[in-house]
Every structure is written in C-alpha cells, then in structure tokens.
Amino acid sequence: MIKKLPKQNMGESNLGWLQSRFHFSFADYRNPANMHFGVLRVLNDDIVKPKSGFDMHPHDNMEIITYIVDGEITHKDSMGNSETLGRGEVQYLSAGDGIFHSENNESSSDLRLLQIWVFPPKKGLPRLYGSHKYKQEDRDNKFLNIVSSQDGNSAIKIYQDVNIYVSEFDKELEFKIKEGKQIYFVQIEGSSNINGTTLDFGDAMEITNEDKIVINPISKSHILFIEMKK
C-alpha cells in the first residue's frame with residue numbers, strides 16, 4: 001500500500017531565521033491523527049538562515065539524526081563534542097537520560113537539513129553521539145545505508161531497529177523490503193515515480209505491505225527513506 005503525503009498538507013512554520021516543514025505534529029503544528037509513523041516521531045525539513053540556529057537546549061530518551069542537505073551545521077553539546085558538517089553528512093545522538101546541545105549555521109549561506117527523531121527501544125539507555133562524513137560517490141545511483149541498528153552494517157549505529165537510506169540518482173533503482181517492515185519515504189530534491197506514484201520536491205509517502213519499491217527519476221533525484229518494523 002502506498003500513501004502519498006503532499007507537502008502542501010504538512011505543517012509549516014516561518015520564524016524568519018527558521019523555515020520548517022513538519023511531517024508530523026511538532027511545535028505549533030498539532031494534529032492528533034498525525035503524531036508518528038511506527039517508531040518515527042519527528043521529521044522536520046528545516047532551512048536555517050545564516051548566523052542563526054538552535055541555541056543550547058535539552059533532549060532525553062530520543063534518538064536524533066540530522067541529515068545535511070545544503071550548507072553547514074555546527075554542533076556543540078554537553079558531552080564536549082563540537083564539529084561542523086556539510087552536504088550529505090550525518091550527525092546523530094541518543095539522548096538517554098539527558099543531553100544539551102546546540103545546532104547553528106555559522107556560515108553566510110542558508111543551511112537545509114532533515115531532522116529525524118526516532119523512539120528508542122527503551123528509556124534510560126547510555127548516551128551516544130557521533131557523525132560520519134559520507135562522500136557524494138557513496139550515494140550516487142545507489143542506496144547508501146547511513147544509519148542502522150547496533151546489529152546493522154552502517155557506519156552510524158543507533159539503538160532502535162531502523163535502517164535509513166539515501167541516494168542521489170538519475171537511473172532506475174529497486175529496493176526489496178524485508179518481511180514485517182514498512183517505509184517512510186521523502187523526496188528531498190527533484191521528482192521521481194515510486195511504484196506508479198509521483199513525488200515532487202518535499203513530498204513524502206508511507207509504504208506498507210509492499211515487497212519492493214521501484215524508483216524511476218523524473219528529474220535528477222535526491223531521496224531519503226526509513227525502513228522500520230510495522
């Protein structure tokens with residue numbers, strides 16, 4: 001089953017320094033029928049203006065993945081970590097019983113990122129922080145597994161049983177969905193056709209009870225999808 005989620009139906013916010021598209025209820029966007037999809041609680045498509053960002057703030061009992069689409073993000077946290085990441089690179093943390101962090105755009109250009117929150121399998125897990133500087137060639141015309149569970153094969157491993165994939169492509173790609181799994185799919189850039197349904201820039205879809213997805217680019221495409229238990 002394919003359920004298309006047009007970007008026009010998502011929550012939106014414009015604070016001047018921050019423009020956001022909310023795939024699920026977040027901040028002032030409240031929709032009791034749209035709180036999460038499986039273990040995926042938050043997916044925000046954010047544009048952060050230059051010399052601004054999210055000041056130091058707390059998180060707990062959530063696994064947070066940041067995928068940088070354009071520009072640069074500078075991260076600092078209460079564990080002493082500090083670094084700057086760019087396009088296609090990934091930062092993650094498992095907040096455990098509590099962590100403070102900041103995310104800022106210290107450059108002179110806009111920063112676009114996808115911020116993804118995943119419920120952990122249980123509360124109070126040890127805190128984790130890390131990042132990986134994936135290369136363009138890692139995702140060109142193929143699926144790159146940027147995040148996996150502790151038992152998976154990704155360079156980034158979180159506690160929850162999920163796999164996150166990205167790709168930039170201009171030819172047909174096919175992905176086999178494991179039994180008992182479902183997918184949340186995001187068209188980051190460009191447009192493509194997935195199992196007969198067209199997604200444009202910013203659209204998303206829920207994929208359930210399918211054994212594979214066949215993705216044909218309509219224009220050069222950049223996608224991200226999260227495979228998780230039903």
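Visitor: On what basis are the values given, and at which pLDDT do side-chain atom pairs count?
Guide: Residues are numbered from 1 along each chain as its sequence is written, and side-chain values use heavy atoms, with hydrogens and water left out. In this predicted model, totals for chains, interfaces and linings use all residues, local features need pLDDT of at least 70, and side-chain atom pairs count only at pLDDT 80 or more.

Visitor: How many aromatic pairs does the structure hold?
Guide: Rings of Phe, Tyr and Trp (its six-membered ring) pair if their centres lie within 6.5 Å; planes under 30 degrees apart count as stacked, over 60 as edge-to-face and the rest as tilted. By that criterion, the number of aromatic pairs in the structure is 10.

Visitor: Which geometry describes the pair of phenylalanine 22 and phenylalanine 26?
Guide: Buried denotes under 20% relative accessible area, exposed over 50%, and partly exposed in between (1.4 Å probe, protein chains only). Phenylalanine 22 is buried at 5%, whereas phenylalanine 26 is partly exposed at 21%. Their ring centres are 5.4 Å apart with 45° between the planes, and the pair is tilted.

Visitor: How many residues apart in sequence are the parts tied together by phenylalanine 185 and phenylalanine 225?
Guide: These two rings are stacked, at 5.8 Å centre to centre and 5° between the planes. Helices (H or I, at least four residues) and strands (E, at least two) are DSSP runs, numbered from the N terminus. Phenylalanine 185 belongs to strand E17 (residues 181-189) and phenylalanine 225 to strand E22 (residues 221-229), so the parts that the pair ties together are separated in sequence by 40 residues.

Visitor: Which residues form one aromatic cluster with Phe185 and Phe225?
Guide: Phenylalanine 185 and phenylalanine 225 are both buried. The cluster that contains them also takes in Phe143, Tyr165 and Phe175.

Visitor: Which residue in E22 is the bridge partner of valine 166?
Guide: Two strands pair if DSSP finds at least two bridges between them. E22 is antiparallel to E15, with eight bridges, and antiparallel to E17, again with eight bridges. In E22, lysine 229 is the bridge partner of lysine 181, and the partner of valine 166 is leucine 224.

Visitor: Which residues touch the most other members of the largest nonpolar core?
Guide: A nonpolar core is a set of buried Ala, Val, Leu, Ile, Met, Phe, Trp, Tyr and Cys residues joined through side-chain atoms within 4.5 Å. The largest has 30 residues, and those touching the most other members are Ile146, Tyr184 and Leu224. Elements giving two or more residues to this core include E17 and E22. A second, separate core of 15 residues includes Phe225, while the residues asked for in the largest core are Ile146, Tyr184 and Leu224.

Visitor: Is asparagine 209 buried or exposed?
Guide: Asparagine 209 has a positive phi near 55° and lies in the loop between strand E20 (204-207) and strand E21 (212-217). Asparagine 141 also has phi near 55°, and its relative accessibility of 27% makes asparagine 141 partly exposed. With a relative accessible area of 58%, asparagine 209 is exposed.
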